[in-house]
Amino acid sequence: MLEAYEHAADAFTSTVEERRAEPMSWWVKRIASPSGLSQAYGAWDNEALVGSVAVEFSAKPKTRHSALVLGMYVRPAYRGRGVGMALLQAAAEAAAERPGIRVLTLSLTEGNEPAMRLYLAAGFAVWGVEPLAISTGAGYKGKVHMSRRLHPAGPVA
């Protein structure tokens, strides 16, 4: 993930410096928290990690029906080969198996067209844009908010 924060800096709201300062315990919790509120998925080529994504679940009663997709990254040499879609499918399937989860949400930086195409192809829909959400080297950019219902035929409640 440090590679992601460094080489795709505009895609994330945290900086590589912020993440480098995190202790190993923070990273371990992000991969799979003991409380079950986060899970991470990786794509591997032999022993090399080539992509990852995480899902965070809410402990709050009013929001625990929603899961947040974050930390999506695929190394450049593996993009366009189905790795990102496979990661999203794994995350969505795991979330759908969790009782009560009805929707996945995520955000992406405005102008990240490859990510937008991937998320649209994976069934996510845009529902809003937060203007001036992050400061980048090229100025301020908005964050596009998207969601995907996991159980379209079932009730949301």
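**Close-up views of a predicted model**

View 1. Helices (H or I, at least four residues) and strands (E, at least two) are DSSP runs, numbered from the N terminus. Across this pair, Gly 42 sits opposite Ser 52 in β2. A note on what you're looking at: this is a predicted model, where local features need pLDDT of at least 70 and side-chain atom pairs count only at pLDDT 80 or more, while totals for chains, interfaces and linings use all residues. Residues are numbered from 1 along each chain as its sequence is written, and side-chain values use heavy atoms, with hydrogens and water left out.

**View 2. The whole sheet comes into view.** Six strands line up as β1-β2-β3-β4-β6-β5 in an open sheet with mixed pairing. β1 (38–45) and β5 (125–136) are at the edges with a single partner strand each, so one side of each has no neighbour in the sheet. From one strand to the next, the twist averages 25°. Helix α3 (residues 24–31) packs on the sheet, where it touches β1 and β3, and its direction makes about 90° with that of β1. For angles like these, axes are lines fitted to C-alpha atoms, for helices over the stretch in contact, and the angles run from 0 to 180 degrees between N-to-C directions.

**View 3. β2 meets β3.** β2 (residues 48–57) and β3 (residues 66–74) pair in the antiparallel sense over six bridges. Look for Phe 57, whose bridge partner in β3 is Ala 67.

**View 4. Ser 52 is tucked away in β2.** Ser 52 belongs to strand β2 and is buried, with a relative accessible area of 14%. Here buried means under 20% relative accessible area, exposed over 50%, and partly exposed in between (1.4 Å probe, protein chains only). Setting aside neighbours within four places in sequence, the contacts of Ser 52 (heavy atoms within 4.5 Å) are Met 1, Tyr 41, Gly 42, Gly 71, Met 72, Tyr 73 and Leu 87.

**View 5. Helix α4 has a buried face.** Helix α4 (residues 83–97) has 15 residues and reaches 21 Å from its first C-alpha to its last, close to the 21 Å expected at 1.5 Å a residue; that expected span is 1.5 Å times one less than the number of residues. Its buried residues are Val 83, Gly 84, Leu 87, Leu 88, Ala 91, Ala 92 and Ala 95.

**View 6. Gly 36 sits in a loop.** You'll find Gly 36 between α3 and β1, partly exposed at 23% relative accessibility. Not counting residues up to four places away in sequence, Gly 36 touches Phe 57 and Arg 98. Gly 36 and Ser 58 are 22 residues apart in sequence, with 9.8 Å between their C-alpha atoms.

Conventions: Pairing = 2+ DSSP bridges.
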